[in-house]
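Keep the structure open while you read.

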Amino acid sequence: MQFDFHNPYPTTRIPVFARNAVSTSHPLGAQAGLRMLWQGGNAVDAAIAAAAAMTIVEPVSNGLGSDAFAILWDGQQLQGINGSGPAPAGWTPQYFGKKYGADAKTPPKRGIDSATIPGAVGTWVALSERYGKLPFADLLAPAIEIAERGYLVPVVVRQKWEAARPELAGEAGFAQSFLPWGRSPNVGELFRFPAAARALRLIAETKGQAFYGGEIASALARFSAENGGVHKVEDFAAFKPEWVTPIAKDYHGHTLHEIPPNGQGIAALMALGIARHFDLASMKVDGADSQHVQIEAMKLAFADVYRFVAERSSMEVTTEQMLDDAYLASRAKLIDMKRAQDFKAGNPVKGGTIYLTAADEDGMMISFIQSNYMGFGSGCVEPGFGISLQNRGHGFSLQPGANQVAPGKRPFHTIIPAFLTKDGAPVMSFGVMGGNMQPQGHLQTLVRMLDYRQDPQAACDAPRWRFNSGLEINVEQQMDKATVAELAARGHKVDVIDDSYQDFGAGQFIWRMGDPKKQGYVVASDSRRDGLAAGF
């Protein structure tokens, strides 16, 4: 029986209520996390197990060659971890100039010279060592089982798998790993990944040492050399994730927390800091005025972020200057309610990803994200261990400036976990994946929850817009037609898009309803992917 898996009817998800919860963009990922909670593990154990499973069941977005970030409430305070990997020691502007010409503006989009050192595995280990309750090897058991036995490929994953095939089929190791039978798997077809299972077993047995200094690191260095790259075992051995203090901004009695640069989380904070100068709650929730303010605030934030954000040691301005209340107030004054504008950077000196979240009944909550960047990333896959390498190197600049490539430096990053508190207490762990859609999704969903009191699932399901550049925005098909027409009348160049996966992101949300042992959490998962909110 061959089903037509295109569903022509609208479906509605309902929020899930539980004292222990996991929300991911693939059901098997959520269930891997729940297994850890059932075994007596905590939210961090659940997140690591889910993240490992996600490298297998959603390879179109992440893999063992990904980076990762997390923000967690450990029961007393917020902690952040930056697991973005650096450039190998051989990466210099001269290296790229010699290979790709002096006029090249960035490292290539695909291929071995787009792959920075992966940080996800090291991030799992660091989180487990500091906060985990269960043995590290136990956390990878579900992922190993899925990779060995295989799983049936779901609808959205298959869609993106096939979309990537024409561009990536010729990259080193890609067809061998991801085009079984010479094509992409069909919906409902069994996909096994024994090479990745082998890698996961070694990672589990050595607590990550094989990846950063042992057999896997050696295989990756050989693979790089065979394909014209300069990644060395020493580059992998030098990687260490960084524990960081999240940066924050208040909004209507709540505080949004993001990972500091080299990531773009500061864009969401800046946009909220600008939007709070408008009475959004008095505007119609899905009307043009509310959407216009949010779009313009986001554009103002991005203008500064794209100009100034890089690895912190290379930035010309500080995060404090970019988040200064007076500076953001001055930026808010630039918004004209009657017309869209193409904003430029101000002067603050004066003033393809998976996301998951887990929470337990003891109150620990974790917001976790990992990504290969553009879908399958570089397209390069070390075949012996199934390591799909990210293409974060494409985020560097080859021209002089804060984000210029350099040995051991981390590039500008798009993936951002988020966390919401109130009066210093945890409220929500959440994220919205999808390139530069991520801070835009943070802004839109938070405004719906905090200004309009929409529940997390409704705020997640609501139609979204996406700013691209200049005056160009995309909107989802289900957005109110009168609102779309009014935005166009104000000068927004509107393109209505029917591709939710990349264009409008996908979120997961866990909102604390009170004492977790008594009330628990309300949990949401985005219908734009194959996800699941689950709990007990």
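My notes follow as numbered points.

1. Before anything else: this is a predicted model, where local features need pLDDT of at least 70, side-chain atom pairs count only at pLDDT 80 or more, and totals for chains, interfaces and linings use all residues. Residues are numbered from 1 along each chain as its sequence is written, and side-chain values use heavy atoms, with hydrogens and water left out.

2. Let's start with a helix pair. Helices H2 (residues 43–57) and H5 (residues 136–149) pack at an angle of about 25°, and their axes are 8 Å apart. That makes H2 roughly parallel to H5 (angles under 35 degrees count as roughly parallel). Helices here are DSSP runs of H or I with at least four residues, strands are E runs of at least two, and numbering goes from the N terminus. Axes are lines fitted to C-alpha atoms, for helices over the stretch in contact, with angles from 0 to 180 degrees between N-to-C directions.

3. Who touches whom in that pair? On the H2 side, look for Asp-45, Ile-48, Ala-49, Ala-52, Ala-53, Ile-56 and Val-57; they meet Phe-136, Leu-139, Leu-140, Ala-143, Ile-146 and Ala-147 in H5. Contact means heavy atoms within 4.5 Å. By class, the contact of H2 with H5 has 12 nonpolar residues, no polar ones and one charged.

4. Now the sheet. Seven strands make an open, antiparallel sheet in the order S7-S4-S3-S11-S10-S2-S21. S7 (242–244) and S21 (532–535) are the edge strands, each pairing on one side only. The twist averages 15° from one strand to the next. To pair, two strands need at least two bridges found by DSSP; S2 (residues 21–24) and S21 have four. Within that pairing, Ser-23 has Ala-533 in S21 as its bridge partner. Helix H1 (residues 27–38) packs on the sheet, touching S2, S10 (354–359) and S21, and its direction makes about 160° with that of S2.

5. Is Ser-224 buried or exposed? Ser-224 sits in helix H10 (residues 215–226) and counts as buried, at 1% relative accessibility. Buried means under 20% relative accessible area, with a 1.4 Å probe and protein chains only. Leaving aside residues up to four places away in sequence, Ser-224 touches Ile-112, Gly-229, Val-230 and His-231.

6. Last, have a look at helix H12 (residues 265–275): 11 of its 11 residues are buried. Its cover includes strands S8 (247–251) and S9 (254–258), plus helices H13 (288–308), H14 (319–322), H15 (325–332) and H16 (437–450).

Definitions and conventions
Angles under 35 degrees count as roughly parallel, over 145 as roughly antiparallel, 65 to 115 as roughly perpendicular and the rest as oblique. Ala, Val, Leu, Ile, Met, Phe, Trp, Tyr, Cys and Pro count as nonpolar, Asp, Glu, Lys and Arg as charged, and the others, Gly among them, as polar. Buried means under 20% relative accessible area, exposed over 50%, partly exposed in between (1.4 Å probe, protein chains only).
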